[in-house]
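I opened my notebook to look a few things up, one entry at a time. Come along and check each entry against the picture.

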Amino acid sequence: MKALKKSAMRVQGVFLVAAISLLIPVLVHMTSRSVNGGYVRGGVSMEAQIQMLSFCVFEATIGIFWPSMMKMRSQYVPDEKLSTVINCFRIPVNLIVCLVLFNVSNMKLDTIFAMCAFFLLVCAALQRRLCKGVDMKLLDVKSPKPPLIVIRSQFRDIQKSPTKTLVRSAPNLEKNG
């Protein structure tokens, strides 16, 4: 359970760092007083260096995000429903991407980065809520495992002896058979 909590907290921090790293180019561009688009003779301007560093930090957060997300997904989503859940979440994401891409000519680059940072902050807030839910609501009193793991292990027991059935009662899980 500590590993799951650790992954959830790590993802929350990743969302916050990613949001900040995407806000930096917006702030640099808003406060920029450079001429010639930031080109400096003999090198790259300080503003461009800051933006490059912030994009490198963003890419690092993506590298941290995916393994943590896979760990949490394996804990929360049953294997039988994994493809359905993933596809259901892809639909709204693809719609948002399409809407932004169709309207990208009407938006400033700063607006797009600010929207991405805002969505990452929303993700951090929802991840925090999930972490609190893991602490208070999702834990089974009798077992240190989250309920989905308990359901999976009980499902395996049912497969071994087909006469048992699994009945869900609030808030605990019980076997009857």
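**Entry 1: a serine.** I looked up serine 68 and found it buried, because its relative accessible area is 3% (buried means under 20%, exposed over 50%, and partly exposed in between, with a 1.4 Å probe and protein chains only). Serine 68 sits in helix 2, residues 46-76 (helices are DSSP runs of H or I with at least four residues, numbered from the N terminus). Leaving out residues up to four places away in sequence, I found that serine 68 touches Ser7, Arg10 and Val11 (contact means heavy atoms within 4.5 Å).

**A note on the model.** I am reading a predicted model, where local features need pLDDT of at least 70 and side-chain atom pairs count only at pLDDT 80 or more, while totals for chains, interfaces and linings use all residues. Residues are numbered from 1 along each chain as its sequence is written, and side-chain values use heavy atoms, with hydrogens and water left out.

**Entry 2: aromatic rings.** I found 4 aromatic pairs in the structure (rings of Phe, Tyr and Trp, the last by its six-membered ring, pair if their centres lie within 6.5 Å; planes under 30 degrees apart are stacked, over 60 edge-to-face, and the rest tilted). Phenylalanine 15 and phenylalanine 65 make a tilted pair, because their planes stand at 45°, with the ring centres 5.7 Å apart. This pair links distant parts of the chain, since phenylalanine 15 is in helix 1 and phenylalanine 65 is in helix 2, 50 residues apart. Phenylalanine 65 also pairs edge-to-face with tryptophan 66, at 4.9 Å between centres and 75° between planes. Phe15, Phe65 and Trp66 form one aromatic cluster.

**Entry 3: a nonpolar patch.** I noted a nonpolar surface patch of about 440 Å², made by Leu16, Leu23, Leu27, Met30 and Leu121 (patch residues have over 30% relative accessible area and no salt bridge; like charges are joined within 9 Å, and nonpolar side chains, Val, Leu, Ile, Met, Phe, Trp and Tyr, within 5 Å). Helix 1, residues 2-31, gives the most to this patch, with 4 residues. Leucine 16 lies in helix 1 and is partly exposed at 37%.

**Entry 4: cysteines.** How many disulfides does the structure hold? I found 0 disulfides (a pair of cysteine sulfur atoms within 2.5 Å). Cysteine 56 is partly exposed at 42%, and cysteine 123 is partly exposed at 31%.

Note on methods
Accessible areas come from the Shrake-Rupley method with a 1.4 Å probe; for residues, only the protein chains shown count as cover. A salt bridge is a side-chain nitrogen of Lys or Arg within 4 Å of a carboxyl oxygen of Asp or Glu. Helices (H or I, at least four residues) and strands (E, at least two) are DSSP runs, numbered from the N terminus.
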